[in-house]
Amino acid sequence: MNEEFYCILKLVSGEELLSLVMTDDNDGDPVLILQNPVTIKTVQSQTGVVLKIKPWMELSDDDFYIIRLDKVITMTETKDTRLIEIYNQYILDNDSMSSYSSTGEVKPSSRMGYI
(Lines give C-alpha, C1' and ligand atoms only; values in the text may rest on other atoms or scores of the structure.)
Protein backbone atom coordinates (compact mmCIF):
# COMPACT_ATOMS: atom_id res chain seq x y z
CA MET A 1 0.00 0.00 0.00
CA ASN A 2 1.10 3.53 -0.74
CA GLU A 3 0.73 6.52 1.55
CA GLU A 4 -2.63 8.19 2.15
CA PHE A 5 -3.72 11.42 0.51
CA TYR A 6 -6.87 13.52 0.31
CA CYS A 7 -8.48 13.05 -3.06
CA ILE A 8 -11.44 14.25 -5.10
CA LEU A 9 -12.78 11.50 -7.37
CA LYS A 10 -15.26 11.49 -10.24
CA LEU A 11 -16.83 8.05 -10.68
CA VAL A 12 -18.36 6.62 -13.87
CA SER A 13 -21.72 6.82 -12.08
CA GLY A 14 -21.37 10.62 -12.06
CA GLU A 15 -20.77 10.90 -8.32
CA GLU A 16 -18.06 13.19 -6.99
CA LEU A 17 -16.39 12.11 -3.76
CA LEU A 18 -13.92 13.56 -1.31
CA SER A 19 -12.02 11.00 0.70
CA LEU A 20 -8.79 10.00 2.33
CA VAL A 21 -7.39 7.53 -0.24
CA MET A 22 -4.74 4.82 -0.37
CA THR A 23 -3.80 2.82 -3.45
CA ASP A 24 -3.10 -0.90 -3.46
CA ASP A 25 -1.77 -3.05 -6.28
CA ASN A 26 -4.05 -6.01 -5.71
CA ASP A 27 -2.10 -8.71 -7.63
CA GLY A 28 -1.82 -6.53 -10.73
CA ASP A 29 -5.39 -5.19 -10.44
CA PRO A 30 -4.94 -1.78 -8.73
CA VAL A 31 -7.68 -0.61 -6.39
CA LEU A 32 -8.40 2.49 -4.36
CA ILE A 33 -9.16 2.20 -0.66
CA LEU A 34 -11.41 5.07 0.44
CA GLN A 35 -11.68 6.05 4.08
CA ASN A 36 -14.86 7.92 5.07
CA PRO A 37 -15.83 9.08 1.55
CA VAL A 38 -18.32 11.96 1.40
CA THR A 39 -20.20 13.83 -1.29
CA ILE A 40 -19.98 17.61 -1.23
CA LYS A 41 -22.33 19.94 -3.03
CA THR A 42 -22.26 23.72 -3.12
CA VAL A 43 -25.62 25.28 -2.33
CA GLN A 44 -26.59 28.93 -2.79
CA SER A 45 -28.29 30.43 0.25
CA GLN A 46 -29.27 33.93 1.32
CA THR A 47 -26.05 34.21 3.29
CA GLY A 48 -23.85 33.02 0.39
CA VAL A 49 -22.51 29.70 -0.81
CA VAL A 50 -22.51 26.82 1.70
CA LEU A 51 -21.21 23.28 1.44
CA LYS A 52 -23.61 20.38 1.94
CA ILE A 53 -21.69 17.31 3.08
CA LYS A 54 -23.12 13.84 3.48
CA PRO A 55 -21.71 10.33 3.63
CA TRP A 56 -21.32 8.54 0.31
CA MET A 57 -22.96 5.39 1.70
CA GLU A 58 -25.63 6.69 4.06
CA LEU A 59 -26.90 3.38 5.48
CA SER A 60 -23.53 1.75 6.06
CA ASP A 61 -21.49 1.83 9.25
CA ASP A 62 -18.26 0.96 7.42
CA ASP A 63 -15.42 3.47 7.22
CA PHE A 64 -13.45 1.83 4.38
CA TYR A 65 -14.52 1.05 0.80
CA ILE A 66 -12.62 -0.52 -2.07
CA ILE A 67 -13.11 0.74 -5.63
CA ARG A 68 -11.53 -0.65 -8.79
CA LEU A 69 -9.83 1.91 -11.02
CA ASP A 70 -12.15 1.12 -13.95
CA LYS A 71 -14.97 2.75 -11.94
CA VAL A 72 -13.07 6.06 -11.72
CA ILE A 73 -13.12 8.65 -14.51
CA THR A 74 -10.62 10.98 -12.91
CA MET A 75 -9.09 11.78 -9.55
CA THR A 76 -7.00 14.59 -8.18
CA GLU A 77 -5.13 15.06 -4.95
CA THR A 78 -6.32 18.08 -3.01
CA LYS A 79 -4.07 20.12 -0.80
CA ASP A 80 -6.76 22.75 -0.10
CA THR A 81 -6.28 23.07 3.66
CA ARG A 82 -9.70 24.67 4.21
CA LEU A 83 -11.50 21.83 2.38
CA ILE A 84 -9.48 19.20 4.26
CA GLU A 85 -10.26 20.95 7.55
CA ILE A 86 -14.00 20.97 6.76
CA TYR A 87 -13.85 17.27 5.80
CA ASN A 88 -12.00 16.29 8.99
CA GLN A 89 -14.37 18.33 11.17
CA TYR A 90 -17.36 16.61 9.52
CA ILE A 91 -15.82 13.19 10.21
CA LEU A 92 -15.18 14.13 13.87
CA ASP A 93 -18.70 15.52 14.29
CA ASN A 94 -20.21 12.45 12.64
CA ASP A 95 -18.30 10.17 15.04
CA SER A 96 -19.55 12.17 18.02
CA MET A 97 -23.16 11.53 16.95
CA SER A 98 -22.77 8.09 18.53
CA SER A 99 -22.98 9.83 21.92
CA TYR A 100 -26.71 10.48 21.37
CA SER A 101 -29.23 7.92 22.59
CA SER A 102 -32.38 6.94 20.71
CA THR A 103 -34.41 9.21 23.03
CA GLY A 104 -32.28 12.21 22.06
CA GLU A 105 -30.44 12.39 25.37
CA VAL A 106 -26.71 13.06 25.22
CA LYS A 107 -24.44 10.51 26.87
CA PRO A 108 -21.48 12.14 28.67
CA SER A 109 -18.08 11.54 27.15
CA SER A 110 -14.50 12.56 27.92
CA ARG A 111 -14.69 15.02 25.01
CA MET A 112 -17.46 16.84 26.89
CA GLY A 113 -15.34 17.04 30.02
CA TYR A 114 -16.79 13.95 31.75
CA ILE A 115 -14.21 12.44 34.09
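Q: What makes S1 and strand S6 a pair?
A: In this predicted model, S1 and S6 (residues 72-77) share five bridges in the antiparallel sense. Two strands pair if DSSP finds at least two bridges between them, so S1 and S6 count as paired. In S6, Thr-76 is the bridge partner of Ile-8.

Q: What makes residues 5-11 a strand?
A: Strands are DSSP runs of E, at least two residues, numbered from the N terminus. S1 covers residues 5-11. Its covered face holds Phe-5, Cys-7, Leu-9 and Leu-11. Tyr-6, Ile-8 and Lys-10 make up the uncovered face.

Q: How do you know that S1 joins strand S2?
A: Six bridges link S1 to S2 (residues 16-26), and the two run antiparallel. Lys-10 stands opposite Glu-16 of S2. Four residues lie between the strands of this hairpin, where Gly-14 takes a positive phi near 100°.

Q: Why is Pro-30 called partly exposed?
A: Buried means under 20% relative accessible area, exposed over 50%, and partly exposed in between (1.4 Å probe, protein chains only). Pro-30 has 32% relative accessibility, so Pro-30 is partly exposed.

Q: Which residues does Pro-30 touch, not counting those up to four places away in sequence?
A: Asp-24, Asp-25, Arg-68 and Leu-69. Contact means heavy atoms within 4.5 Å.

Technical notes:
Residues are numbered from 1 along each chain as its sequence is written. This is a predicted model: local features need pLDDT of at least 70, side-chain atom pairs count only at pLDDT 80 or more; totals for chains, interfaces and linings use all residues. Side-chain values use heavy atoms; hydrogens and water are left out.
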